[in-house]
Amino acid sequence: QVQLVESGGGLVQPGGSLRLSCAASGSIFSTYVMGWFRQVPGKERELIARIAWSGGSTYYADSVKGRFTISRDSAKRTVYLQMNSLKPEDTAVYLCAGRRVISNKYDYWGQGTQVTVSS
């Protein structure tokens, strides 16, 4: 079983930065893929970034490419999402999720953290 806890959300002005953290506990292995999603009411949940727990392979949605960076610290069992040049349209609940490399389905989810970009 894997438990994920996000932190780092908050209110930020347009153009500002935030760093989200996702602390993992339980049986997480190098064969996992970790993703950051965001959810806006009335819209489909969007995968915005993904990283292999073993490191190296990353993916970014076009909407965040060049502004957001996903990384992980294996020793701290934590995945990060550095968000720069934030825009009002980045306002959402951000969720961390994990899945096995061989699966397309994310089995483990955090509770989410709210990010609000507003002046």
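**Reading the features**

Reply: Let us begin with accessibility: Trp109 counts as partly exposed, at 32% relative accessibility. Buried denotes under 20% relative accessible area, exposed over 50%, and partly exposed the range in between, with a 1.4 Å probe and protein chains only. The model is predicted: local features need pLDDT of at least 70 and side-chain atom pairs count only at pLDDT 80 or more, whereas totals for chains, interfaces and linings use all residues. Residues are numbered from 1 along each chain as its sequence is written, and side-chain values use heavy atoms, with hydrogens and water left out.

Me: How many aromatic pairs does a search of the whole structure find?

Reply: A pair of aromatic rings is described by the distance of the centres and the angle of the planes. Rings of Phe, Tyr and Trp (its six-membered ring) pair if their centres lie within 6.5 Å; planes under 30 degrees apart are stacked, over 60 edge-to-face, and the rest tilted. The search of the whole structure finds four such pairs. One of them joins Phe37 and Trp109; this pair is tilted, at 4.8 Å centre to centre and 50 degrees between the planes. Phe37 lies in strand E4 (residues 32–39) and Trp109 in strand E10 (residues 108–109), so the pair ties together parts 72 residues apart in sequence. Strands (E, at least two residues) and helices (H or I, at least four) are DSSP runs, numbered from the N terminus. Phe37 is buried, at 9% relative accessibility. Phe37, Tyr106 and Trp109 form one aromatic cluster.

Me: Which charged end sits over the ring of Trp109?

Reply: The criterion is that NZ of Lys or CZ of Arg is within 6 Å of the ring centre and within 35 degrees of the ring normal. Here the charged end of Arg45 sits over the ring of Trp109, 4.5 Å from its centre.

Me: Which residues form a disulfide?

Reply: A disulfide is a covalent bond between the sulfur atoms of two cysteines. The assignment requires a pair of cysteine sulfur atoms within 2.5 Å, and the count comes to one disulfide. Cys22 and Cys96 form it, with their sulfur atoms 2.0 Å apart. The link of Cys22 and Cys96 is left-handed, with -75 degrees about the S-S bond. Cys22 belongs to strand E3 (residues 18–26) and Cys96 to strand E9 (residues 92–100), so the pair ties together parts 74 residues apart in sequence. Both Cys22 and Cys96 are buried.

Me: With which residues is Leu95 in contact, leaving aside its neighbours within four places in sequence?

Reply: Contact requires heavy atoms within 4.5 Å. With those neighbours left aside, Leu95 is in contact with residues including Phe37, Arg45 and Trp109. Leu95 is found in strand E9 and is buried, with a relative accessible area of 8%. Between Leu95 and Cys22 the C-alpha to C-alpha distance is 8.6 Å, although they are 73 residues apart in sequence.
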